[in-house]
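Me: I am new to this structure and would like to learn how to read it feature by feature. Could you take me through it slowly?

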Amino acid sequence: MSYVCHTCGDTHEGVPHLGCDQPDPYFNVPEEELGQRVFITSDLCVIDNEHFLIRGVIEIPVHGQEDPFGFGVWVSQKEENYQTYVDNFESGSIGPFFGWLSNQLSCYDEDTFCLKTVAHFRGDGQRPLIEVESTDHPLSVDQRNGISLERAWMLVHHYM
Ligand SMILES: [Zn+2]
């Protein structure tokens, strides 16, 4: 569906997605130490052999749209659960696993870093679905109640 954007005035197609390519703790490691201390792929990250993170997606329903708005985010995992995911990468029958949200989503005024989440594994080459704990935090409210297409594009423009 074409949408004339209230934020930029352009016409956009479909429902947007946003993604964080790294978990925030990645940026605490000095650039010259990244090679030694950090393992990172598009789905997995280990820092100092101590912090285990996986990439998933928070899906937010968009009113009147079939497709949800996707927020690509990182969540920390217990080493044991991280390893289970690595060993069963294509499986939808592991988990769900608890994790701490490991990105500050700057389009929210409130802290999003370290919100409680649960990762639901879907298999089929899809990234895990990240469910934010049900609270009155605006991100949790958005996930529960959905957002307008206008707000989805507003969020995206916040990062452009
Ligand atoms: Zn726009």
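This is a predicted model: local features need pLDDT of at least 70, side-chain atom pairs count only at pLDDT 80 or more; totals for chains, interfaces and linings use all residues.

Me: Which residues coordinate the zinc ion?

Reply: Donors are N, O and S atoms within 2.8 Å of the metal (3.2 Å for Na, K and Ca), and sites may look incomplete because water is not among the atoms. Here the zinc ion is coordinated by the SG atoms of Cys5 and Cys8 and by the NE2 atoms of His12 and His157, at 2.0 to 2.3 Å. Along the chain, these donors follow the spacing C-x2-C-x3-H-x144-H.

Me: What arrangement do the 4 donor atoms make around the zinc ion?

Reply: Four donors count as tetrahedral if all angles lie between 85 and 135 degrees; four count as square planar and six as octahedral if opposite donors are over 155 degrees apart and all others between 65 and 115, and anything else is irregular. The 4 donor atoms around the zinc ion subtend angles of 103 to 116 degrees, so the arrangement is tetrahedral.

Me: Is cysteine 5 buried or exposed?

Reply: Buried means under 20% relative accessible area, exposed means over 50%, and partly exposed lies in between (1.4 Å probe, protein chains only). Cysteine 5 is buried, because its relative accessible area is 4%, and histidine 12 also counts as buried, at 12%. Cysteine 8, with a relative accessible area of 37%, is partly exposed.

Me: How many salt bridges does the count come to?

Reply: A salt bridge is a side-chain nitrogen of Lys or Arg within 4 Å of a carboxyl oxygen of Asp or Glu, and by this rule the count comes to 7. In one of them, the side chains of arginine 37 and aspartate 48 meet at 2.7 Å, N to O. Arginine 37 lies in helix H1 (residues 34-37) and aspartate 48 in the loop between strand E5 (44-47) and strand E6 (51-60), so this pair ties together parts that are 11 residues apart in sequence. As for the names of these elements, helices (H or I, at least four residues) and strands (E, at least two) are DSSP runs, numbered from the N terminus. Both partners are partly exposed, arginine 37 at 28% relative accessibility and aspartate 48 at 32%.

Me: Where do arginine 122 and glutamate 59 lie in the chain?

Reply: The side chains of arginine 122 and glutamate 59 meet in a salt bridge of 3.2 Å, N to O. This pair links distant parts of the chain, with arginine 122 in the loop between strand E9 (116-120) and strand E10 (129-132) and glutamate 59 in strand E6, 63 residues apart. Lysine 78 forms a salt bridge with glutamate 80, where the closest N and O atoms are 3.8 Å apart. Salt bridges that share partners join Glu33, Arg37 and Asp48 into one network.

Me: How does strand E5 pair with E6?

Reply: Two strands pair if DSSP finds at least two bridges between them. E5 and E6 pair in the antiparallel sense over 4 bridges, and valine 46 stands opposite phenylalanine 52 in E6. The hairpin of E5 and E6 has 3 residues between the strands, and in this hairpin aspartate 48 takes a positive phi near 55 degrees. Strand E4 (residues 38-40) is also joined to E5, by 3 bridges, and the two run antiparallel. In this pairing, the bridge partner of isoleucine 40 in E5 is cysteine 45. Leu44 and Val46 point one way from E5, Cys45 and Ile47 point the other way, and all are buried.

Me: How many disulfides does the structure hold?

Reply: A disulfide is a covalent bond between the sulfur atoms of two cysteines. A pair of cysteine sulfur atoms counts as a disulfide within 2.5 Å, and the structure holds 0 of them. For cysteine 107, the closest cysteine sulfur is in cysteine 20, and it lies 9.0 Å away, which is too far for a bond. Cysteine 107 counts as buried, at 15% relative accessibility.

Notes: Residues are numbered from 1 along each chain as its sequence is written. Side-chain values use heavy atoms; hydrogens and water are left out.
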